[in-house]
Amino acid sequence: MPEFVRKKRPKKQVIIELLAEWGIRITASFSIIVIFLIFIFVFREAGGLIFGTAKELKPKVEKKVSEADIVKPEVYNPETGEIEKIKEKETKKKKDSKKISIWENIAGSVWQPVGKEPKYGIFPLLVGTLKVTFIALLLATPLAIFAAIYTAFFAKKSLREWIKPIVEILAGFPSVVLGFFCLVTIVRGVNLITTFLQPALDGLAQGIGFILPFAKQFFQEALTISEFHYSAFVGGIGLGLAVIPIIFTITEDALSAVPKSYREASLALGATEWETAFNVMLPAALPGVVAAVLLGIGRAFGETMIALMATGNAALISWNMFHPIRTLAATIGSETGEVQWGSLHYNILFFLGILLFVVSFTINAITELFVKKYLAKKFQGA
Amino acid sequence: MMNTISIAQNNSKKKIKEFFATGIPLFSAYVLIGLIFLLLAHFIWHGMPGLSWEFLTESPRNNNTEGGIFPAIYGTVILVFIMSLLGVPIGTATAVYLSEYAKQSSIFARAVRFGVNTLAGVPSIVFGLFGVGFFMQFIGKGIDTATGSEIWSKPSLLWSAATLSVLTLPVVIVSVEEALRTVPQELRAASLALGATKWQTIWKVVLPNSLTGILTGSILAIGRGAGEVAPVIFVGAVYSLPELPNSLTDQFMHMGYHIYVLATQSPNAAEALPLQYASTLVLLLLAFSLNLTAGLIRMRIRKQQS
């Protein structure tokens, strides 16, 4: 027996081994650390806002004539007393607006960060982001899911091996290219078809109004074509293109992961291929499909370049899908470059970043912890 | 009698259902494929006329209506090169941990996986803010106050590359891990049986055998990084530069940013359109050729394995 006793490894080797393992472990923790760092440092830059230390730096002198300047000459009166009165009023107004706290300002409904009285109401940005995300998902989800169903269940194997890489091509389109496509081409297409689309949309609104009378006005408003070129609808098409590959790929994976035995059992019971697909396989893969849609929402919510280039970037609040909007991400993208470091505006832009981060984190956590666990449980032992 | 009628009715109903249940997926799939080909055709059709050797090798002239985009190509290539130098080692180490060291049940391994997946879902613009908040305002300022200089806290090539390397980390990790898993277990067993330690096995056997996988990961990351604009808007990309960047602290021209600014802020957008399409096509070709190469390598690995 003693001959087989393992030789002790040289000390140097043992040390190298330990160093390597711990080096790799520590490097592996980098991904977790980065998540924390993102949170901490984006928070830190928004800190002035959260801890109330942000100062309203004097806005740079605008070349544009501000509203107050226009109003003054109109009410100008040679009597000096009159002018003073007006000035008094103005200062009073300013004092009143100072009383509004930062948070009330943020909760407001006007986003107008540059000017004498900057307004940082993020409500229109939220509405805009949700609106364009909704349109994008409305366009992308059915197309992507049905295409995934076709690919997973109906297509021949040889065809299937073609479809997946082709859809991956779409995933490889840089978002700035899709944004450019919206900016130059889709906008023209949309404007072209809207001329004869309006009666159809009116009809649609009427039809919906007939079924759901209380929603009639809403749909009439939502589906009225406006004179704006760039709109939530144009942006929604672009974001839809960006979201399709995500939803398609994850849905297809989830559908293919359903055990073959499910299909065989269903077919053996006399169900046809499509009955099996829609009544057996799709319900079984539903959590995966939900995850796909959720991740699609996350992508559309935070997408910057397409939103920046195609949605018109006007912070309007309306239900009309042909009105321009301004998204959270696009606001950060277009304003952070020019803002003064440390100003209130700067803090608020980072605050918007936190919002985006928290939303994406939450969506991801839901898919990770809830949906995947559910899937694993379901197919264990199958 | 009743029965047969109802069955017949059922059958015709079923036929209609079947028509839609198989037709709609088929239709969707072909619409999707058609859309993608249309997009590709559109960019090739409009981009090809502007593409020339001069376009790839010259600087823009006359408000981007003449000349080329060489500085933007140069800036992008340098950027993704530095990015992969920073990101690939970290990504590879993480993948080695996940595939070689981690036990499936360990909390740390699950946390790492969660971190990687979360990172993949963070909007790219948030990485841009992170680049400003962490790299520029924290690390850069730190270096500046330590050395008394003023260059590190400014937007630069280095901070852009660092930001992008964080953004593309999940891409590297996922594809390297996949490659590591295709290395046959027998090879590891043989190496260990010959008396090699675990680290020796990884370093001398596993990693060399998954070199193509690491390459694939880097290529995919580069393809992704080259197309991302949002993260570099405030950490280093500029619209035009008198000369090429020659140090890590210089700013740089970037193809995606170039396309963005040209498309949205150009005074003569219509005149610049042909060259803009050409720039877009160059960016697309760059991204696709990288993705295609990675895809082909991947396919070869998978075929070898099966």
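## Burial, and one arginine to start with

A residue is called buried if 20 or more other C-beta atoms lie within 10 Å of its own, exposed if 12 or fewer, and partly exposed in between, with the C-beta atoms placed from the backbone. R44(A) has 16 C-beta neighbours inside 10 Å, so it counts as partly exposed. R44(A) sits in helix α2 (residues 30-45) of chain A; helices here are DSSP runs of H or I with at least four residues, strands are runs of E with at least two, and both are numbered from the N terminus. Although R44(A) and F351(A) are 307 residues apart in sequence, 9.6 Å lies between them in space, C-alpha to C-alpha.

A word on what you're looking at: this is a predicted model, where local features need pLDDT of at least 70 and side-chain atom pairs count only at pLDDT 80 or more, while totals for chains, interfaces and linings use all residues. Residues are numbered from 1 along each chain as its sequence is written, and chains are lettered from A and ligands numbered from 1 in the order in which they are written.

## Chain A

Chain A comes with 17 helices and two strands. It has 382 residues, and 39% of them count as buried. Take the chain A contacts with a separation of 6 or more: residues 24 or more positions apart account for 76% of them. A contact means that the C-beta atoms of two residues, placed from the backbone, lie within 7 Å.

There are two domains in chain A, domain 1 (2-45) and domain 2 (123-379), with bounds from an automatic or database domain assignment. Their centres, taken over C-alpha atoms, are 40 Å apart. Where they touch, five residues of domain 1 of chain A meet four residues of domain 2 of chain A. The domain 1 side of that contact is made of four nonpolar residues, no polar and one charged. For that sorting, Ala, Val, Leu, Ile, Met, Phe, Trp, Tyr, Cys and Pro are nonpolar, Asp, Glu, Lys and Arg are charged, and the others, Gly among them, are polar.

## Chain B

Chain B has eleven helices and four strands. Its radius of gyration is 25 Å, well over the 19 Å that the globule rule gives for 306 residues, so chain B is more spread out than a compact globule. That radius is taken over C-alpha atoms, and the rule is 2.2 Å times the number of residues to the power 0.38. The C-alpha trace of chain B spans about 95 × 65 × 35 Å along its principal axes. Of its 306 residues, 46% count as buried.

Six residues from domain 1 of chain B and seven residues from domain 2 of chain B make the contact. On the domain 1 side, four are nonpolar, two polar and none charged.

## Where the chains meet

The contact between the chains takes 65 residues from chain B and 66 residues from chain A. On the chain B side, helix α1 (residues 2-47) of chain B brings the largest share, 14 residues. That side of chain B divides into 44 nonpolar, 19 polar and two charged residues.
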